[in-house]
Structure formats: structure tokens, C-alpha cells
Amino acid sequence: QVQLVESGGGLVQAGGSLRLSCAVSGRTFSTQTMAWFRQVPGKEREFVATISRFGGNREYAEFVKGRFTISRDNAKNTVYLQMNSLKPEDTGVYYCNFGGSKDPNQYGAWGQGTQVTVSS
């Protein structure tokens, strides 16, 4: 059974940092492109970043470029999202999933996500 378990969210002040983790089980992690998405209040789930199988290719949404960094550790079956210079508009639930599409409708089941709240 495939499991995606996101963690690392929390409450942080604007300008602060968080590091999110997504632990994967039930599927061969190192063969998969991985992605982070988020769902902010009142909006559809949106693309944040993707990373290729061995980390050589990374792509980011415009609104996180220069602030967020996606990485992965294939030995630990985990993908990370380092978030710096956080803004109140980054508040939302963050999800990871398998794949490289920017369209959230192209993905299968989602995990429970991790809540990020940025106070002003």
C-alpha cells in the first residue's frame, strides 16, 4: 500500500523558515519524480515544486522561486521542502505526491498534508 506522510508544518512568523518532509512507502521511491503542492484557503490545490528521480532537475512555481528548495534523499525514501522567507500568503496545507505534472488533477490519492501557518 502506497503511503505519503507529510510532516514539519507549524506556526511561524513572516520571514521565518520551515522544513517539510514527506516520507514515502509502498512504492519504489528512487524511480519517481516527486512533487509538492499546496492548498491555501479559498483556492484550488496548486503546484509548488518538483524534483526528478536523482535530483538533477528541479522546477518551482514562480511565487516560491528563490525562497523554497526541494530536495530528496533516496536512501531515506523522503522528499523535503525547505521554505525560507515565509509570507502570510504561504499559509496552507502542503502535500507531496508522485509525478512531475503541475496539474493536481493528474495525481492519484493524496496524503493528509501538513499545515503551514505564517503569521504577519
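Start by selecting Tyr94: it stands opposite Thr114, which sits in strand 10. You're looking at a predicted model, so keep that in mind as we go.

**The sheet**

Now show strand 9 and strand 10 as a cartoon. They pair in the antiparallel sense, over three bridges. Zoom out and colour the sheet they belong to: six strands in an open arrangement, running in the order 2-10-9-4-5-6, with mixed pairing. At the edges you'll find strand 2 (10-13) and strand 6, each of which pairs on one side only. Turn the view and follow the twist, which averages 25 degrees from one strand to the next.

**The aromatic cluster**

How many aromatic pairs does a search of the whole structure find? The search turns up five. Pick Phe37 and Phe47 to see one of them, an edge-to-face pair with 5.9 Å centre to centre and 75 degrees between the planes. Phe37 is in strand 4 and Phe47 in strand 5 (residues 46-51), so this contact ties together parts that are ten residues apart in sequence. Both Phe37 and Phe47 are buried.

Next, select Tyr95 and Trp110. This is another edge-to-face pair, at 5.9 Å centre to centre and 70 degrees between the planes. Tyr95 belongs to strand 9, while Trp110 is in the loop between strand 9 and strand 10, so here the parts tied together are 15 residues apart in sequence. Buried or partly exposed: which is Tyr95, and which is Trp110? Tyr95 has 10% relative accessibility and counts as buried, because the cut-off is under 20%. Trp110 comes out at 23%, so it is partly exposed.

**Arginines over rings**

Stay on Tyr95 and bring up Arg45. The charged end of Arg45 sits over the Tyr95 ring, 4.1 Å from its centre. For another case, jump to Phe29: Arg72 lies over its face, 4.3 Å from the ring centre.

**Salt bridges**

Switch to the charged side chains. Side chains of opposite charge can pair when their charged atoms come close. The model has six salt bridges by the rule used here.

Select Arg38 and Asp90 and check the N to O distance: their salt bridge spans 2.8 Å. Why does this pair tie together parts that are 52 residues apart in sequence? Because Arg38 lies in strand 4 (residues 34-39), whereas Asp90 is in the loop between strand 8 (78-83) and strand 9 (92-98). Arg38 and Asp90 are both buried.

Then go to Lys43 and Glu46, whose side chains meet in a salt bridge at 3.5 Å, N to O. Glu46 is buried, at 14% relative accessible area, but Lys43 is partly exposed, at 44%.

For the next stop, pick Lys102 and Glu59, which form a salt bridge at 2.7 Å, N to O. Lys102 is in the loop between strand 9 and strand 10 (114-119) and Glu59 is in strand 6 (residues 58-60), so the bridge ties together parts that are 43 residues apart in sequence. Both partners are partly exposed: Lys102 has a relative accessible area of 44%, and Glu59 has 37%.

To finish, select Arg38, Lys43, Glu46, Arg67 and Asp90 together: salt bridges with shared partners join these residues into one network.

Definitions and conventions. Residues are numbered from 1 along each chain as its sequence is written. This is a predicted model: local features need pLDDT of at least 70, side-chain atom pairs count only at pLDDT 80 or more; totals for chains, interfaces and linings use all residues. Side-chain values use heavy atoms; hydrogens and water are left out. A salt bridge is a side-chain nitrogen of Lys or Arg within 4 Å of a carboxyl oxygen of Asp or Glu. Helices (H or I, at least four residues) and strands (E, at least two) are DSSP runs, numbered from the N terminus. Buried means under 20% relative accessible area, exposed over 50%, partly exposed in between (1.4 Å probe, protein chains only). Two strands pair if DSSP finds at least two bridges between them. Axes are lines fitted to C-alpha atoms, for helices over the stretch in contact, and angles run from 0 to 180 degrees between N-to-C directions. Rings of Phe, Tyr and Trp (its six-membered ring) pair if their centres lie within 6.5 Å; planes under 30 degrees apart count as stacked, over 60 as edge-to-face and the rest as tilted. A charge sits over a ring if NZ of Lys or CZ of Arg is within 6 Å of the ring centre and within 35 degrees of the ring normal.
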